[in-house]
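Here is a briefing for a first look at the structure below. Keep the view open while you read.

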Amino acid sequence: MPRALRVSAAAFALFLVTACNSASTGGSTSTSVRGVTADTIKVGGIVSMTTASGYSKKDTDLGARARYDRANAEGGVNGRKIEYLGAEDDGQDPARNLAAARKLVQQDKVFAVSPMSSVTFAGADFLDTQKVPTVGWGTLPSFCGPAHLYGFNGCLVPTPGGTLNQTWPEGLAAVLGGARGKSVALIAGDNDAGKFGIRTFTQGFKAAGFQVAYAKAVVPATSMPSDWSAYTKEILRSGPGGRAPDAVVSVMQTPYNIGLFTSLKRSGYKGVISDPTDYDPGLLAKDATKQALDGVHVLLQFQPFEADTPAMRRFKDDIKKASGGTEVPLSMHMLTGYMSADLFLSIAAKAGKDLTVESFQKAADGFSDTGTLVGDRALPKGKKESFGCGALVRLKNGRYEVAVPFTCYPPIPFG
């Protein structure tokens, strides 16, 4: 072949490759971006689907899938459909959490991890170093600062220079007709999380005007007490003049709350009881559990399922569609997955057609919207504080009812 012809052939081949690449990306360079093609965005999740205690957050995966399904039905994100791989089960094990993160990035080649919901986040440094946008429940310090990690309702772990969410103190003040002259007892497990919780909530309730009569992280964290009478007696004598406090606030998980609340009621306590975990219709299946939780005010940091708002109706409809058209009991974990997916989708949409990690990060910096199931969202604010919104629901006669409507409260400085 003559040299001139060879050059022309090579140039033509190069033209074809360039043209194909341009056609597949609409002129963008996104074909070189991990997990992004001309038509799809690959996303995975990490969730504690199984645990040694039997506790499960598996509904988180259904919630995320429901939100991604709706996004795809509406045409995707800037023309790309979400290829959701489902959630890896970390079993609440740090080693498995890191292994799940590595698998999603190195083997599955995902663009993002959303949702991430577990009590452990050993994979946080790896995901941030690998520049993987990750959205989950910001109950862990890892969601408060690292560039690529986002809490769907902000950072829920106060840090120096950060703020405290006042939903719980202000909500209980509303229940009691005001905080002035009212006393509260705070109790938590004897572990780092419990001690930190006591510290932060003591500050928050005092700032709201309560007298904090009792604040201790004394309950064994590794073995649930069989006899709660010692704790109950101390709490019931902690109020002004040795009387019972007006409210008892537990910063513990469900099995502990059942024991404590049962003991308080058997001792004749008539004040307000509250906790942040027991909003789950599944808990009402057992009579003993239902009786223990009857009258308890549960803190939520999202709109209650009982709220009749357009956003909540849409959430319920999406969950029903993702469940094959059948009604399923709603849980807070469903909403965790749903809103993790929702924040990822909202930022990705703002990033535009040329989706890269850099464009996603640029879109996140300064992102804001209003009227969501977790209130008004804003970044980078959410890297240091929660979005400050919540509600209280009360279990009454076997059904949850809204005690304090979903409201956004001004945060206070954490110190």
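**The sheet and its helices**

K42 stands opposite E83 in β2. This is a predicted model: local features need pLDDT of at least 70, side-chain atom pairs count only at pLDDT 80 or more, and totals for chains, interfaces and linings use all residues. Residues are numbered from 1 along each chain as its sequence is written, and side-chain values use heavy atoms, leaving out hydrogens and water.

Sheet
- Strand β1 (residues 40-47) pairs with β2 in the parallel sense over 7 bridges.
- Strands (E, at least two residues) and helices (H or I, at least four) are DSSP runs, numbered from the N terminus; two strands pair if DSSP finds at least two bridges between them.
- The open sheet has 5 strands in the order β2-β1-β3-β4-β5, with parallel pairing.
- β2 (81-89) and β5 (149-151) are at the edges, each with a single partner strand, so one side of each has no neighbour in the sheet.

Helices
- Helix α2 (residues 59-73) lies across β1, β2 and β3 (112-117), at about 175° to β2.
- Helix α3 (residues 94-107) touches β1, β2 and β3 and makes about 170° with β1.
- Contact means heavy atoms within 4.5 Å; axes are lines fitted to C-alpha atoms, for helices over the stretch in contact, and angles run from 0 to 180 degrees between N-to-C directions.

Disulfides
- There are 2 disulfides (cysteine sulfur atoms within 2.5 Å).
- C144 and C155 form one, with sulfur atoms 2.0 Å apart.
- C389 is joined to C408, S to S 2.0 Å.
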